[in-house]
Amino acid sequence: VEVLKGLQLVAEVGAATNPDRGTTTWPAFVTGGVIYSVLENLDLSLGVRGGLNAPATDFALLTGVTFTFPKP
C-alpha cells in the first residue's frame with residue numbers, strides 16, 4: 001500500500017521449505033515493512049519478520065537495497 005509518494009507499507013505471510021529433511025513442518029512466518037523509493041530506479045527497504053511456529057526463526061530485522069536497470 002502506498003501511503004505517501006514513494007513510501008509503501010508491505011506485509012507478507014508465508015512458509016518455506018524446511019532445511020531439516022527429518023521434519024515435515026515448514027517454517028511459517030509473517031513479515032511487515034516499508035519500502036522507500038529514493039529514485040525512480042532505487043529502493044531502500046526495512047522490515048521485521050516473526051516466526052509463527054517452532055521451526056521458524058523467532059525474530060529477524062531485514063534490510064534491503066533494490067536497483068532496477070533502466071528499460072531500453
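Let me begin with the neighbours of Asn 18: leaving aside residues up to four places away in sequence, Asn 18 touches Thr 23, Thr 25, Trp 26, Pro 27 and Pro 55, where contact means heavy atoms within 4.5 Å. What we are looking at is a predicted model, in which local features need a pLDDT of at least 70 and side-chain atom pairs count only at pLDDT 80 or more, while totals for chains, interfaces and linings use all residues. Residues are numbered from 1 along each chain as its sequence is written, and side-chain values use heavy atoms, with hydrogens and water left out.

Where does Asn 18 sit in the chain? Asn 18 is found in the loop between strand 2, residues 7-15, and strand 3, residues 28-39; strands here are DSSP runs of E with at least two residues, and helices are runs of H or I with at least four, numbered from the N terminus. Is Asn 18 buried or exposed? Asn 18 counts as buried because its relative accessibility is 13%, and the cut-offs are under 20% relative accessible area for buried, over 50% for exposed, and partly exposed in between, with a 1.4 Å probe and protein chains only.

Now let us step back to the whole chain. The protein chain has 0 helices and 5 strands, and these 5 strands form an open sheet in the order 1-2-3-4-5, with antiparallel pairing. Two strands are said to pair if DSSP finds at least two bridges between them. The edge strands, which each pair on one side only, are strand 1 (2-4) and strand 5 (59-67).

We can follow the pairing from strand 3 onwards. Strand 3 and strand 4 form a hairpin with 2 residues between them, and 10 bridges join these antiparallel strands; for example, the bridge partner of Ile 35 in strand 4 is Ser 45. Strand 4, residues 42-51, is in turn joined to strand 5 by 9 bridges, again antiparallel. Here Gly 47 has Leu 62 as its bridge partner in strand 5, and Gly 50 stands opposite Phe 59.

A residue within the sheet deserves a look as well, namely Thr 31, which is found in strand 3. Thr 31 has a relative accessible area of 12%, and is therefore buried. The side chains of Thr 31 and Arg 49 are joined by a polar contact of 2.9 Å. Not counting residues up to four places away in sequence, Thr 31 touches Val 10, Ala 11, Glu 12, Val 48, Arg 49 and Leu 62.

Finally, a few overall values. Buried residues make up 17% of the 72 residues in the protein chain. Along its principal axes, the C-alpha trace spans about 45 × 30 × 15 Å.

Key. Polar contact = N/O pair within 3.5 Å; in protein donor to acceptor, adjacent residues only side chain to side chain.
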